[in-house]
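Here's a quick briefing to read with the structure open beside you.

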Amino acid sequence: MAKIFFPKFLLLSLTTFIFITTKTHSFIKPISPTNLGLHKPQKLSHLRFFFHDIIGGKNQTAVRVAASPTTEKSPTGFGAVVMMDDPLTEEPESDSKIVGRAQGIYASASQTEVGFLMVLNFAFTTGKYNGSVLSVLGRNKVDSAVREMPIVGGSGLFRFASGYAQASTHSIIGLEAIVEYNVYVFHY
Ligand SMILES: *[C@@H]1O[C@H](CO)[C@@H](O)[C@H](O)[C@H]1NC(C)=O
Ligand SMILES: *[C@@H]1O[C@H](CO)[C@@H](O)[C@H](O)[C@H]1NC(C)=O
């Protein structure tokens, strides 16, 4: 008797469990892409701008906020974490029109080469892109001619964005590195 009763009891508990689970997940429901205007085909855009990273002086834009006790001894500065708020300009010159800012973190993540973990937002401030953001999460081996980093998402006009950014150093003048970015993104 007990042998028969036990599985029945289990089945009942399982049914109750599934029922409760379905109920508590009512915060999620499928909707149609048209609800968000996502029925239109995606656009592919190419953005080109120049990133100015200034690590010291009067107009410093990037500050080291953390390091490991071993960072100074490491040939790659392994463990250093830098917070940036770098202007993005239309042309390489520092007085060229600012189109946005690169705000985020780069951190020395390799013990064998200068390879940064890049976690940042390109926050645009111009025209119809004012307030829209592209988010980058990638690896930047700074001595490579071209470094590619994924665009993992965006907001505003860049909702559902995906693509990649290619960075190549334009020049290094004193404490300022000027980097050309070519970004290719799908978005709606
Ligand atoms: C800092 O920025 C101002 C305004 O862009 C510029 O005039 C000045 O030359 C810069 N100073 C340095 C040390 O780069
Ligand atoms: C961008 O948006 C901000 C906040 O809405 C506004 O203050 C600023 O004037 C705008 N800039 C441009 C260039 O439109």
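Glutamate 180 sits in strand 9, which covers residues 176-187. Keep in mind that this is a predicted model. Glutamate 180 counts as buried, because its relative accessible area is 18% and the cut-off for buried is under 20%.

- Leaving aside residues up to four places away in sequence, glutamate 180 touches Arg48, Phe49, Phe50, Gln166, Ala167, Ser168 and His170.

**The chain as a whole**

- You're looking at one helix and nine strands, and from the N terminus on the order is α-β-β-β-β-β-β-β-β-β.
- The chain has 188 residues, and 34% of them count as buried.
- Among contacts with a separation of 6 or more, 46% come from residues 24 or more positions apart.
- The accessible surface is about 11,900 Å², with 64% of that belonging to carbon and sulfur atoms.

**The nonpolar core**

- In soluble globular proteins, nonpolar side chains tend to be buried together.
- Here the largest nonpolar core has 27 residues, and Phe49, Phe122, Leu134, Tyr181 and Val183 have the most contacts inside it.
- Strands 1, 3, 4, 5, 6, 7, 8 and 9 each supply at least two residues of this core, and strand 5 gives the most, with five residues.
- Phenylalanine 49 touches Leu88, Thr89, Val99, Phe122, Phe124, Val179, Glu180, Tyr181 and Val183, again not counting residues up to four places away in sequence.

**Aromatic rings**

- The count of aromatic pairs comes to eleven.
- One of them is phenylalanine 49 with tyrosine 181, a stacked pair at 6.0 Å centre to centre and 15° between the planes.
- Phenylalanine 49 is in strand 1 and tyrosine 181 in strand 9, so this pair ties together parts that are 132 residues apart in sequence.
- Phenylalanine 49 is buried at 2% relative accessibility, and tyrosine 181 is buried with a relative accessible area of 2%.
- Tyrosine 129 and phenylalanine 158 are stacked too, with ring centres 5.4 Å apart and planes at 15°.
- Tyrosine 129 is partly exposed at 29% relative accessibility, whereas phenylalanine 158 is buried at 1%.
- Phe49, Phe51, Phe122, Phe124, Tyr129, Phe158 and Tyr181 make up one aromatic cluster.

**Salt bridges**

- How many salt bridges does the structure hold? There are six.
- Arginine 64 and glutamate 72 meet through their side chains at 2.7 Å, N to O; arginine 64 is partly exposed at 46% relative accessibility, and glutamate 72 is exposed at 63%.
- Aspartate 85 and arginine 101 form a salt bridge, with their closest N and O atoms 2.7 Å apart.
- Aspartate 85 belongs to strand 3 and arginine 101 to strand 4, so the bridge ties together parts 16 residues apart in sequence.
- Aspartate 85 is partly exposed at 33%, and arginine 101 is partly exposed at 26%.
- Glutamate 113 and lysine 141 make a salt bridge at 3.9 Å, N to O; glutamate 113 is in the loop between strand 4 and strand 5, and lysine 141 is in strand 6.
- Salt bridges with shared partners join Glu113, Arg139, Lys141 and Asp143 into one network.

Key. Residues are numbered from 1 along each chain as its sequence is written. Chains are lettered from A and ligands numbered from 1 in the order in which they are written. This is a predicted model: local features need pLDDT of at least 70, side-chain atom pairs count only at pLDDT 80 or more; totals for chains, interfaces and linings use all residues. Side-chain values use heavy atoms; hydrogens and water are left out. Helices (H or I, at least four residues) and strands (E, at least two) are DSSP runs, numbered from the N terminus. Buried means under 20% relative accessible area, exposed over 50%, partly exposed in between (1.4 Å probe, protein chains only). Contact means heavy atoms within 4.5 Å. A nonpolar core is a set of buried Ala, Val, Leu, Ile, Met, Phe, Trp, Tyr and Cys residues joined through side-chain atoms within 4.5 Å. Rings of Phe, Tyr and Trp (its six-membered ring) pair if their centres lie within 6.5 Å; planes under 30 degrees apart count as stacked, over 60 as edge-to-face and the rest as tilted. Accessible areas come from the Shrake-Rupley method with a 1.4 Å probe; for residues, only the protein chains shown count as cover. A salt bridge is a side-chain nitrogen of Lys or Arg within 4 Å of a carboxyl oxygen of Asp or Glu.
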